[in-house]
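These are my notebook entries on a structure with the sequence and coordinates at hand. I went through one topic at a time and wrote down what I looked up.

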Amino acid sequence: MLSRTADNLYWLARYVERAEYLARILEATQRLTSLPIAYIGETNEWESALATAGCAHAFFAMYDEANEENVTDFLAFSTANPSSIRSCFEVARTNARAVRTALTMEMWDAINGTWLELKRFGNGPTSREELSRFLRWVQESSLRFDGSAYRTMLRNDSYWFSRLGLYQERADNTARILDVKYHLLLPANEHVGGPLDYFQWAAILRSVSALTSYHWVYRDNVKPWLVADLLILKEEMPRSLASCYENLVRYLDAIAVAYGRQGPAQRLARGVRTRLQNTKMEDIFQNGLHEFIQEFIADNNRIGATITQQYLA
Amino acid sequence: MPVAFDEMNGVDGRIRPAYSQLSAWLNEIRPDELDFRRREAEVLFRRIGITFAVYGEADATERLIPFDVIPRILAGNEWRTLTRGLEQRVRAINAYIKDVYGKRECLRAGVIPEDLVFQNPVFRPEMNGQKVPHDIYVHVAGIDIVRVDADTFYVLEDNARTPSGVSYMLENREIMLRLFPELFSRHRVAPVDNYPDELLATLQSVAPVGAAADPTVVLLTPGIYNSAYYEHSFLADKLGVELVEGRDLFVKGEVVYMRTTQGAKRVDVIYRRIDDDFLDPLAFRPDSILGVPGLMAAYQAGNVTLANAVGTGVADDKAVYSYMPDIVKFFLGEEPILKNVPTWRCREEEHLAYVLDNIEQLVVKEVHGSGGYGMLIGPAADKASIDIFRSKLKTHPKNFIAQPTLALSTCPTCVDSGVAPRHVDLRPFVLTGRDKIRIVPGGLTRVAMKAGSLVVNSSQGGGTKDTWVLDG
């Protein structure tokens, strides 16, 4: 298949996944900031939302204050922000148009339909209700796209490259939440936690749609170190780093088998997965949670660059 | 202007046989039902993404071409005559281009003036003496046909470079089958959906002589911002070939390759939907970023087939058009089956004088214009535009031709006030391969949606119809 086609499929999946993630962040932040200050403390959650989305720098080049209105506009609707939800859908649809021949009708319909509907929301919702509807709609659109890919695509390199994009983006997103909130997740003896942080932990879980899963996995009330364990090491948790890497390795292997050749991307990804499999949460805390996450983000980026070099350029 | 011939009602209001069922159906169907289906069709087109871009319109980068749900019908015998005429015309065009870049017998015999060829900006000196695979230049031709009465079809224009519109022919049929199954059950309509197979067979048949038995064909597009991009991606999909942009290809040792996830892959046939000028920055426009450096060298070395060939523009210029009947006679020794519209060449003194005296009754066209741009329709023009054209004609007579304002035939069309006659033309697609010429029965019918308008071009608000060729 054409390298450009593979590249477009990879980024198409990444952008749709990113749009969904941004919608979750906004939803969780909105919920958190609706609580009395006594429950969450004096932190500026909107600023933290920007950091989690990885675009604080670009934001403050345009705005002075991180408040609900500015941040929502910037992360959801701004055309000046290349990673806003709107921009993500625009780019995704442009990519989809460029590779129409590699998409199934259902996938095209999902992404083109989303793009057409996007116009309905104009330059942003006028009320909180409308914003909520918008954020739900974004998540549903992503589910529809992902579902149509899963259910209709041939299991060949088109599918595999689009999955690589999805899992790399997802791993990056989960890692960035952890990067911003890691201080809330340290074990009890290192962190003077308390009921104050409970809603923060819940918000983290919500932003990766894992609150219910948490209870099923641990049958315990929310404890920060278990939240970290769930998001980093639990393979059964679809947005955990371990699960993302299990999938990345699987699809990289499928490509290697089909093409009859292993390469640096396969080796690097396998290295990361092995590390996630052989590590215990205690070790991670011991050696520094923050360092671990930062290293992971760097590795994930390196693998992205390697995939590009090996297949997409 | 004479009364137009209506393809359903004829001139005397008696329903013509091919339209008997359609006419009955139109009488039965409720107007709101027709309108409902029309809107349904629009939703389908929008969802499938069949859009086109109009140059110079910033706010409407993707627009729908209006689709009319009432089909245009041709009887089997009408189609057979058209087919013979089209085959003949395209055979002559291929022979003519080969001659222009080869022995130049037609020029020596004075069939066509030399300066029309050599001073033509689309003439490609690079092609002089160049052999092309199997001597075929125009693999895909779109010949625009208009009709003025029950028996007379004229060729209005030969499109021998990169004719577009075939995706509408195919999609229009799909949409019609979905929306009006009961109307199809009353007719026997010749299918068009084998066009992609015929096109692929044509393209494979013209691979360079040394190519593998299963040659690699690609479709080269200028990219997603091109007005016909939808068609490019649609065709690549139906053909099952890669849709490539210039940056996906590279040339090494005069061989063309594409960049794939598994490394370089050799390319044998390029169905290019990009103009000569932009094909290769080393050979043509150096500022082109759409093309492939070295492509022309690979082509000249005979390692790749370009469809259509480079330099076919010398056959689809409007001034050359006026010589086409002579070209048919000269190369094939046959009388042309399809007539030309009578044409005054303003390059000739008496013709120019006639045009200047009668401009109010004529259509004046720029020789190199296309898409309905740079054109004056005398009877519809105001005095100011006529004066502008008069002075243009006097300063650059060679740039213009003129034709009588034809009463193009009309077909019943769904408009705001109900069903009314609107002017139509027809673009059938003629495929020329090594083995034979293939034409699927039908083509793209374009319709001027405005009452009385003769301009069918999509860039100027024209719409399309499904075109049915019936048995018998």
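**Entry 1: a helix of chain A.** I began with α6(A), in which 10 of the 14 residues are buried, so this helix is largely enclosed by the rest of the structure. I note that the model is a predicted one. I counted a residue as buried if 20 or more other C-beta atoms lie within 10 Å of its own. The buried residues of α6(A) include Ile85(A), Cys88(A), Phe89(A), Ala92(A) and Ala96(A). I also found charged side chains in that list, among them Arg86(A), Arg93(A) and Arg97(A). I then asked which helices the buried residues of α6(A) pack against. They pack against α1, α5 (68-77), α7 and α8 (128-152) of chain A. For the length of α6(A), I recorded 20 Å from its first C-alpha to its last, close to the 20 Å expected at 1.5 Å a residue.

**Entry 2: chain A as a whole.** I looked up the secondary structure of chain A and found 16 helices and 0 strands. Its radius of gyration is 19 Å, close to the 20 Å that the globule rule gives for 313 residues, so chain A is as compact as a globular protein of that length. The C-alpha trace spans about 55 × 50 × 35 Å along its principal axes. I noted that 47% of the 313 residues of chain A count as buried. Among contacts in chain A between residues at least 6 apart in sequence, 70% join residues at least 24 apart.

**Entry 3: a parallel sheet of chain B.** I turned to chain B and found an open sheet of 4 strands with parallel pairing, in the order β5-β4-β9-β10. Its edges are β5 (242-244) and β10 (305-307), each with a single partner strand, so one side of each is left without a neighbour in the sheet. Neighbouring strands of this sheet are turned by 30° against each other on average, direction ignored. Within the sheet, β4 (residues 217-220) and β9 (residues 269-272) run parallel and are joined by 4 bridges. I located Val218(B) opposite Ile270(B) in β9(B).

**Entry 4: an antiparallel sheet of chain B.** I next examined an open sheet of 3 strands, β6-β7-β8, in which the pairing is antiparallel. Both β6 (249-252) and β8 (263-266) of chain B stand at the edges with a single partner strand each, so one side of each has no neighbour in the sheet. On average, neighbouring strands here are turned by 40° against each other, direction ignored. Between β7 (residues 255-260) and β8(B) I recorded 4 bridges. Tyr257(B) stands opposite Arg266(B) in β8(B).

**Entry 5: strand β1 of chain B.** Lastly I checked β1 (residues 67-74) of chain B, where 8 of its 8 residues are buried. This strand pairs with β21 (residues 463-469) of chain B in the parallel sense over 5 bridges. Opposite Phe67(B) I found Thr464(B) in β21(B).

How values were computed:
Residues numbered from 1 in each chain as written. Chains lettered and ligands numbered in written order. Predicted model: local features only at pLDDT ≥ 70, side-chain atom pairs only at ≥ 80, totals over all residues. Helix = DSSP H or I, 4+ residues; strand = E, 2+ residues; numbered from the N terminus. Expected span 1.5 Å × (residues − 1). Buried ≥ 20, exposed ≤ 12 C-beta atoms within 10 Å, placed from the backbone. Contact = placed C-beta atoms within 7 Å. Pairing = 2+ DSSP bridges. Axes fitted to C-alpha atoms, helices over the stretch in contact; angles between N-to-C directions. Rg over C-alpha atoms; globule rule 2.2 N^0.38 Å.
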